[in-house]
Amino acid sequence: MKMNEQLGISLRAVDKEIENMVKFDKDVPRSSELARSIVELIRSGGKRVRPLMVIVGSRFGPAPDERKVWRLAAAAEFIHAASLIHDDVIDDSPVRRGDRAMHIKLGINRAIHVGNYMSARVIELISVYSADRERYAYDLSSLVTTQLCLGEYQQLSHLFDYDVTIEQYLEKSKNKTAQLMAACLRIGAQSAGADDDTANLLYSFGEKLGMAFQIRDDILDFTQSSEKLGKPAGSDLRSGQVTLPVLYALQDDALAPLIRAVNANTPAEYTDEVIAAIQSCGALQRTEALSAQFLQEAQQIIDRLSAYPAHRDLQVLLSFFSGRDK
Ligand code: GRG
C-alpha cells in the first residue's frame with residue numbers, strides 16, 4: 001500500500017489544494033505561462049512528503065481545523081517546489097521528476113521568477129493567520145525559507161572545499177532539508193492546538209527523518225544509475241559538493257590526495273576513477289550507518305508519543321524513509 005493510503009490521505013485532494021494556490025490568485029490568469037508552468041510542475045510527480053507531514057502533525061492536536069491544515073500543507077509543498085526550481089538552476093540540472101526542469105522549458109530568468117512568485121505567494125496566504133496565537137505559521141513562510149536559502153548558500157560557499165567538517169555538512173543538511181520537514185510536522189500540530197512538548201517532539205522527529213533523508217540522498221548520488229537520477233552517478237562531486245561519503249573517504253590516507261585533486265577543471269575520466277574509489281572504500285557503508293542512526297533516534301521519539309493513536313502514522317513515515325531505494 002502507498003504511504004498516503006496507509007495514512008488515509010488522498011493525494012488527489014492534496015494536489016488540488018496545491019494547484020489552488022495559483023489557480024485562486026486573482027492576479028494570475030489561469031491560462032498564463034506562470035500558472036501553467038506551476039500546475040505542470042505539480043502534475044509531473046513528487047511524493048508530497050511535506051504536505052503529508054503537516055496533515056499527520058495535525059492529528060496530534062485536539063482541534064484540527066481541516067481548512068487551515070490543508071492550506072498549510074499546500075504551502076509547504078509550494079516552498080519545496082520553489083526551492084527545487086532554484087536548485088535545478090544552481091546545479092545546472094536539466095531533469096526534474098522525470099520531466100525537463102523548469103529553467104530548460106522557460107529559460108533561467110523566468111524560472112527564477114516562478115520560484116520567487118511561489119515563495120512570495122506562501123507569505124501572502126499565510127499572512128491570513130496573523131493573530132499572535134497563530135504566529136507559528138510564520139515558521140513556514142519566513143524562518144524555514146530563510147534556512148533553505150542559508151543551507152544552499154553554505155553549500156555553494158564550500159564547493160570543492162575538502163576541509164569542510166562533518167559538523168558543517170550536518171548543519172548545512174539541517175538547513176537545506178531537515179528543518180522544512182521538522183516545521184511541517186510542528187505547524188500541523190500547532191495549528192490543531194497540540195501542546196508545546198508534543199509539537200516540539202514532532203519537530204525533532206521530522207528533523208531526524210530529514211537528516212536521514214538528505215544523507216540517503218547523498219548516498220543515492222553515488223549508487224543509483226544515471227537513468228534513475230537523470231544525471232550521472234557522482235554528479236555531486238563533479239559539481240563540487242563535498243557530501244558525507246566524500247568526507248568519510250577523505251579519512252582514508254591513500255585516497256585523500258586523489259580526492260583533493262578533483263576541482264572544476266579536472267578531466268571527467270579522472271573524476272570517474274575517484275568516484276569509483278569512493279564507491280568501493282567503505283565510505284558509503286559508514287554514511288548509511290549514520291543515516292540509520294538518525295532513523296533509530298526517530299524511532300525513540302515515536303515511542304515517547306505512543307499515547308497518541310497518531311503515533312502509528314509516524315511509524316508509517318519512518319518506514320517510508322527507512323525503505324527508500326538504497
Ligand atoms: C526559492 C524557497 C526558495 C529557496 C531557494 C535553492 C534553495 C534556496 C534551496 C534548495 C533546497 C533543496 C532543493 C534541498 C534538497 C532537498 C531534497 C532532498 C529534495 C528532494 O525532495 P523529494 O525527494 O522530492 O521529497 P519530490 O520530487 O518527491 O517532491
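## Around the ligand

By class, the shell around the ligand splits into seven nonpolar, seven polar and seven charged residues. Please keep in mind as you explore that this is a predicted model. Of the 21 residues around the ligand, the ones that come nearest are Lys47, Arg50, His80, Arg97 and Glu152.

Which element gives the largest share of this shell? That is H5, with eight residues.

Let us look at some individual side chains. Lys47 places a polar side-chain atom 2.5 Å from an oxygen atom of the ligand. For His80, an N or O atom in the side chain is 2.8 Å from an oxygen atom of the ligand. Arg97 also takes part: a polar atom of its side chain lies 2.8 Å from a ligand oxygen atom.

How much of the ligand does the protein bury? The ligand taken alone exposes 760 Å², and the protein buries 92% of that. The elements that give two or more residues to the shell are H5, helix H8 (138-156), helix H9 (166-191) and helix H10 (196-223).

You will find Arg97 in the loop between strand S1 (95-96) and strand S2 (99-100).

Arg48 sits in the loop between helix H3 (33-43) and helix H4 (49-58). The relative accessible area of Arg48 is 3%, so this residue is buried.

## The second largest pocket

Helix H5 (66-90) and helix H6 (102-106), together with H3 and S2, are the elements that give two or more residues to its lining. H3 provides the largest share of that lining, with five residues.

Which residues lie nearest the centre of the second largest pocket? Of the 16 residues in its lining, they are Ser37, Glu40, Leu41, Met102 and Lys105. Sorted by class, the lining of this pocket has six nonpolar, two polar and eight charged residues.

His311 belongs to helix H17, which covers residues 311-323. The side chain of His311 reaches the backbone oxygen of Ser306 at 3.4 Å. His311 has a relative accessible area of 17%, and it is therefore buried, as the limit for that label is under 20%.

## Ala137, a buried loop residue

Our last stop is Ala137, placed in the loop between helix H7 (108-126) and H8. Why is Ala137 called buried? Its relative accessible area is 0%, and buried means under 20%.

From C-alpha to C-alpha, Ala137 and Thr271 are 45 Å apart in space, and 134 residues separate them in sequence.

Technical notes. Residues numbered from 1 in each chain as written. Predicted model: local features only at pLDDT ≥ 70, side-chain atom pairs only at ≥ 80, totals over all residues. Heavy atoms only, no water. Helix = DSSP H or I, 4+ residues; strand = E, 2+ residues; numbered from the N terminus. Buried < 20%, exposed > 50% of the residue type's maximum accessible area, 1.4 Å probe, protein only. 1 Å grid on protein atoms, 1.4 Å probe; cavity = no way out; pocket = protein on both sides within 12 Å on 5 of 7 lines; lining within 4 Å. Nonpolar A, V, L, I, M, F, W, Y, C, P; charged D, E, K, R; others polar. Near = heavy atom within 4 Å. Polar contact = N/O pair within 3.5 Å; in protein donor to acceptor, adjacent residues only side chain to side chain. Areas by Shrake-Rupley, 256 points an atom, 1.4 Å probe, with all protein chains shown as cover.
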